Amino acid sequence: EKWTEPVIRMLGVALAVVIVVITVGVLESAILTMLGETIDSQGIAPFFLLCAWQNFFLLLAGAGIAEETLYRLVLVSLFWRLTRRPWLAIVLSAVLFGAYHLSPLDGLYRYYWERPITIFAMSTVMGIVMGYVYLRHGYETAVLGHTFGDWIPMLLARMG
């Protein structure tokens, strides 16, 4: 197998994650409306001050590498070993991932607390998606998918 084939497959899966993120974002808007939660877009405004590549590398280091290392590489693997059930491991890790986004450990938690139910639900859903990507396609693909899943919608928001 040529080296290009796995790289192209990894990029394809990572870009498929972006489609899932955008779909979840549309669902998030509907849930926000149903729950009466609001968004103050000023909470995320500092990210728009950076250039696109600075955002990419910031997201790669924080969301991509740091979160995927802890929640997929460490926790999914640990829970799988303890329970012997890969889907249970993914769900347990995803619930912790959802809770993390509402904790002070996440730099955007104050922004996220404006809509805690929605953020917890959407982060947990994305944790399940990323856990599946991790188990099916590997750590590197999960890192790239998470990074693209945060970065590309941010680029689209800047353009719109």
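Tutor: Begin with a term: a nonpolar core is a set of buried Ala, Val, Leu, Ile, Met, Phe, Trp, Tyr and Cys residues joined through side-chain atoms within 4.5 Å. Buried means under 20% relative accessible area (1.4 Å probe, protein chains only). This is a predicted model, where local features need pLDDT of at least 70, side-chain atom pairs count only at pLDDT 80 or more, and totals for chains, interfaces and linings use all residues. Residues are numbered from 1 along each chain as its sequence is written, and side-chain values use heavy atoms, with hydrogens and water left out.

Student: Which residues of the largest nonpolar core touch the most other members?

Tutor: That core has 18 residues, and V17, Y71, V76, M126, M130, V133 and A142 touch the most other members. Two or more residues each come from α1 (4-35), α2 (52-83), α3 (86-100) and α5 (116-137). The most come from α5, which gives five. Helices here are DSSP runs (H or I, at least four residues), numbered from the N terminus.

Student: What does V133 touch?

Tutor: Contact means heavy atoms within 4.5 Å. Leaving out residues up to four places away in sequence, V133 touches V13, V17, G138, T141 and A142.

Student: How many helices and strands does the protein chain have?

Tutor: The protein chain has six helices and zero strands.

Student: What share of the residues in the protein chain is buried?

Tutor: Of the 160 residues in the protein chain, 38% are buried. Of its contacts with a separation of 6 or more, 77% join residues 24 or more positions apart.

Key
Buried means under 20% relative accessible area, exposed over 50%, partly exposed in between (1.4 Å probe, protein chains only).
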